[in-house]
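Let us walk through this model together, one part at a time. Please have a look at the structure first.

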Amino acid sequence: MNEEQRLDTELVKPSLEKSAEKDYSQYFQTVYTAPSLKEAKKRGKEEITYHNDFEIDERFQGMGKGRKFYIRTYGCQMNEHDTEVMAGIFAGLGYEPTDTVEDANVILLNTCAIRENAENKVFGELGHLKPLKQRNPDILIGVCGCMSQEESVVNKILKTYDQVDMIFGTHNIHRLPHILHEAYLSKEMVIEVWSKEGDIIENLPKVRHGNIKAWVNIMYGCDKFCTYCIVPYTRGKERSRRPEDIIQEVRHLASQGYKEVTLLGQNVNAYGKDFEDNDYRFGDLMDDLRKIDIPRIRFTTSHPRDFDDHLIEVLAKGGNLVDHIHLPVQSGSSDTLKIMARKYTREHYLELVRKIRVAIPNVTLTTDIIVGFPNETDEQFEETITLYKEVGFDIAYTYIYSPREGTPAAKMVDNIPMEVKKERLQRLNKLVNDMSAEAMKPYKGTIVEVLVEGESKKNSKVLAGYTEKNKLVNFKAPQSVVGKLVNIKITEAKTWSLDGEFIGVVEKEKVML
Ligand code: 5AD
Ligand code: SF4
């Protein structure tokens, strides 16, 4: 910290308690309270309070003057979007972004807890950051995101990673100015993790990544408690944003020229279930959003259990609602699904797929699958293979089961050796690759509509973008088409992407109201 920055910090010091108590006093903790899965599990149906009064206390303004921040994001789109919010808060405080840790005054790791290897990457990165902190003790290193919600992780960091200056949870993001402020003043690690989920805070600032595609939260948390999953504990109970706030955000993005919006929630199909005063649900929201003049609306992620007929009916209206649904199945065996507490059977899933295909004949389905769940037999795994073929998924994200401390599955005795799990994953991945290649073949010779995102990651002379069904397409075209919808004639179909020739820019008709 240089002298000027130190002065800035001291200037804000006297007002800390007051400003913190002003808006969110009931939650304010300067004293360390460990996050607790036990506490998180006890949650009930507490009422959600909506706040529209987020503002950066004027006494914190200028805190970032002459300072730079760097955020590394792990995990899902929800985390990516949280990073956009934190970048917005940093910008509000006067910090500049940087894309190298060496250049940063504040480094945040926005972490993911979904599997052990995601966590190991973070601990590895903290190890790499230690020499940097030793060379420059004035930099602040913070751990936030889903791992910070785990008691065991916080304890491990406290014990072994003294290079960390602050830990804050997924419900504490809006408290970033206060947390930074405290970290500048304190020699101790600053920890602020609420076990109980936060309220909904509407007007948080955001610095979005790019100006073509945007993420929009529609709900937070998850109440499903699948036995393998840490998310209900790290992200708290289900709470939906009000429709008018979502609609306004999407309208605003459309007016700013964004071409695609992805609606985010851990289980978007449960949208609105927590509303006590109305029965407005996800289908109603999609029906309202499709009337907004923005070319593409996606959503992720779906739970088959809550995927109702009204939603199918609305999605079938098409327009800007894309004909691609990501529908995680996890397993093809009803017995395994039961122990996973997925609350549907193989038959129910297949029936849902049938209904979707009848209503949207052109639909593309993709999925998530876990192999090697505790005691999964060969026969049960075989049922996953047959279900995969029967549904005809385009793509799947496949994972070996990873025990997560505090979840019910982590306590199950598991008699399946890791070697067997790995073999199963390989077999499944071979099928996934083969079927992806098959799904790509029919594209050869056709013309597809592509939203151009920019240069291809592999070849800067080539542009890349995605179709409505989320297929990656590479082609040569003038740089001026970036951000536009273009027609591309497919010349080659590969396993994971398509190559094509640029035909022209799509002149979109206005979406019908
Ligand atoms: N082990 C392995 N995979 C998991 N997933 C969630 N929890 C676990 C776990 N404990 C997978 C699921 C989910 C995806 C995001 O991650 O397939 O849909
Ligand atoms: Fe990872 Fe789940 Fe947290 Fe996303 S919500 S960052 S997938 S643990």
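How far apart do the C-alpha centres of domain 2 and domain 3 lie? The C-alpha centres of these two domains are 26 Å apart. Their contact (heavy atoms within 4.5 Å) takes 22 residues from domain 2 and 21 residues from domain 3. The protein chain as a whole is divided into domain 1 (3-199), domain 2 (202-441) and domain 3 (444-505), with bounds that come from an automatic or database domain assignment.

A word on the ground rules: this is a predicted model, in which local features need pLDDT of at least 70 and side-chain atom pairs count only at pLDDT 80 or more, while totals for chains, interfaces and linings use all residues. Residues are numbered from 1 along each chain as its sequence is written, chains are lettered from A and ligands numbered from 1 in the order in which they are written, and side-chain values use heavy atoms, leaving out hydrogens and water.

Let us turn to ligand 2. Around ligand 2 you will find Cys76, Asn79, Cys112, Ala113, Ile114, Cys146, Val231, Arg235 and Gln266, each with a heavy atom within 4 Å of the ligand. Domain 1 and domain 2 each supply at least three residues of this shell. By class, the shell holds six nonpolar residues, two polar and one charged; here Ala, Val, Leu, Ile, Met, Phe, Trp, Tyr, Cys and Pro count as nonpolar, Asp, Glu, Lys and Arg as charged, and the others, Gly among them, as polar.

Next come the sheets. Helices (H or I, at least four residues) and strands (E, at least two) are DSSP runs, numbered from the N terminus, and two strands pair if DSSP finds at least two bridges between them. One open sheet has three strands in the order 9-12-13, with parallel pairing. Strand 9 (213-217) and strand 13 (296-300) each have a single partner strand, so one side of each is left without a neighbour in the sheet. Neighbouring strands here are turned by 25 degrees against each other on average, direction ignored. Strand 9 is joined to strand 12 (residues 260-264) by five bridges, and alanine 214 has valine 261 as its bridge partner in strand 12. Helix 4 (residues 77-92) packs on this sheet, touching strand 9, strand 12 and strand 13, and its direction makes about 95 degrees with that of strand 9. Angles run from 0 to 180 degrees between N-to-C directions, and axes are lines fitted to C-alpha atoms, for helices over the stretch in contact.

Another open sheet also has three strands, in the order 14-15-16 with parallel pairing. Its edge strands are strand 14 (324-326) and strand 16 (395-400), and its neighbouring strands are turned by 10 degrees against each other on average, direction ignored. Three bridges join strand 14 to strand 15 (residues 364-371), and histidine 324 has threonine 364 as its bridge partner in strand 15. Helix 15 packs on this sheet, touching strand 15 and strand 16.

Which way does helix 14 (residues 378-391) run against helix 15 (residues 418-440)? They pack at an angle of about 10 degrees, with their axes 11 Å apart, and are therefore roughly parallel, as angles under 35 degrees count. Among the residues that meet are Phe381 and Ile385 in helix 14 and Leu428 and Leu431 in helix 15.

How values were computed. Parallel < 35°, antiparallel > 145°, perpendicular 65-115°, else oblique.
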